[in-house]
Amino acid sequence: MANIKSQKKRIRTNEAARMRNKAVKSELKTLTKHVQSAVAEGDAEKAQAALKTVTKRLDMAAAKHVIHKNQASNRKSGLAKLVNSINA
């Protein structure tokens with residue numbers, strides 16, 4: 001354990017940020033699975049609604065620097081292709 005006061009605070013704030021980031025990443029995985037399951041069922045409306053939700057959450061995560069903006073774009077693109085595959 002650190003002896004320096006500012007380092008003790010950094011340890012606390014880093015842990016709080018880590019837990020917050022972990023929760024956001026977990027939510028993104030869950031929402032992605034919702035899109036994938038809707039596509040597997042062949043339900044286009046449900047897939048579109050889930051895609052809209054996960055797209056918004058990915059943008060929010062990128063804005064908060066939980067994930068990189070390019071990673072958010074890549075994930076959105078892949079999910080959009082997946083959803084569009086059932087429409088075609």
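Start by selecting R10: this residue is partly exposed, with a relative accessible area of 46%. You are looking at a predicted model. R10 sits in helix α1, which spans residues 5-41.

Together with R10 they form a positive surface patch.

Next, the salt bridges. The structure holds four of them.

**Stop one: E27 and R57.** Show both side chains. They meet in a salt bridge, 3.4 Å from N to O. The pair links distant parts of the chain, 30 residues apart: E27 belongs to helix α1, R57 to helix α2 (residues 44-63). E27 is partly exposed at 31% relative accessibility. R57 is partly exposed too, at 33%.

**Stop two: E41 and K46.** Select the two residues. Their closest N and O atoms are 3.6 Å apart, and they form a salt bridge. Is E41 buried or exposed? E41 is exposed, because its relative accessible area of 55% is over the 50% cut-off. K46 has 41% relative accessibility and counts as partly exposed.

**Stop three: D59 and K76.** Zoom in on these side chains. The salt bridge here is 2.7 Å, N to O. Which helices does the pair link? D59 lies in helix α2 and K76 in helix α3 (residues 69-87), 17 residues apart, so distant parts of the chain are linked. D59 is partly exposed at 36% relative accessibility. K76 has a relative accessible area of 22%. K76 still counts as partly exposed, because buried means under 20%.

Technical notes: Residues are numbered from 1 along each chain as its sequence is written. This is a predicted model: local features need pLDDT of at least 70, side-chain atom pairs count only at pLDDT 80 or more; totals for chains, interfaces and linings use all residues. Side-chain values use heavy atoms; hydrogens and water are left out. Patches are made of residues with over 30% relative accessible area and no salt bridge: like charges are joined within 9 Å, nonpolar side chains (Val, Leu, Ile, Met, Phe, Trp, Tyr) within 5 Å. Accessible areas come from the Shrake-Rupley method with a 1.4 Å probe; for residues, only the protein chains shown count as cover. A salt bridge is a side-chain nitrogen of Lys or Arg within 4 Å of a carboxyl oxygen of Asp or Glu. Lys and Arg count as positive and Asp and Glu as negative; His and the chain ends are not counted. The place of a charge is taken as NZ of Lys, CZ of Arg, CG of Asp or CD of Glu. Helices (H or I, at least four residues) and strands (E, at least two) are DSSP runs, numbered from the N terminus. Buried means under 20% relative accessible area, exposed over 50%, partly exposed in between (1.4 Å probe, protein chains only).
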